[in-house]
Amino acid sequence: MRNQMNEQDDRAATELADMNRDRLLFPAPEKDHNGEPRWDGSEAERFLGIDITEGRHKAMPPRELRATRAAYQQHGLQQFRSHIYQEVMKRKFVKQYYAGNRNTHHN
């Protein structure tokens, strides 16, 4: 069993190294299929998480919130608006999911 675990660890390390090499050879495209900058991993995505946590999305409409940071303005208003709603819905789901699992007892 120990040999099998060592083989799995070696295989996982090899796969990780291969994946990292492939990412260097084939990086993610800078633009999405609509020609807009990628949202995933962007500075705008990080800032939006902060702004939603602080409730700024409730204090102003998406157009005004988008104007507050240069990183937001790299993305179109429609894309930005959809990411606000997506992040809010994700947080509601996660909150509800964990609240439901807290009350579940497995016998």
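Helices (H or I, at least four residues) are DSSP runs, numbered from the N terminus. The model shown is predicted: local features need pLDDT of at least 70, side-chain atom pairs count only at pLDDT 80 or more, and totals for chains, interfaces and linings use all residues. Residues are numbered from 1 along each chain as its sequence is written, and side-chain values use heavy atoms, with hydrogens and water left out.

View 1. A salt bridge is a side-chain nitrogen of Lys or Arg within 4 Å of a carboxyl oxygen of Asp or Glu. E87 is buried (under 20% relative accessible area), at 18%.

**View 2. R21 meets D18 and D22 in salt bridges.** The N to O distance is 3.7 Å for R21 and D18 and 2.9 Å for D22 and R21. R21 and D18 lie three residues apart in helix 1 (residues 2–25), separated by about one helical turn. R21 is partly exposed, with a relative accessible area of 45%; D18 has 33%, and D22 has 33%.

**View 3. D51, E54, R56 and R69 are linked in a network of salt bridges.** A search of the whole structure finds seven salt bridges.

How values were computed:
Helices (H or I, at least four residues) and strands (E, at least two) are DSSP runs, numbered from the N terminus. Buried means under 20% relative accessible area, exposed over 50%, partly exposed in between (1.4 Å probe, protein chains only).
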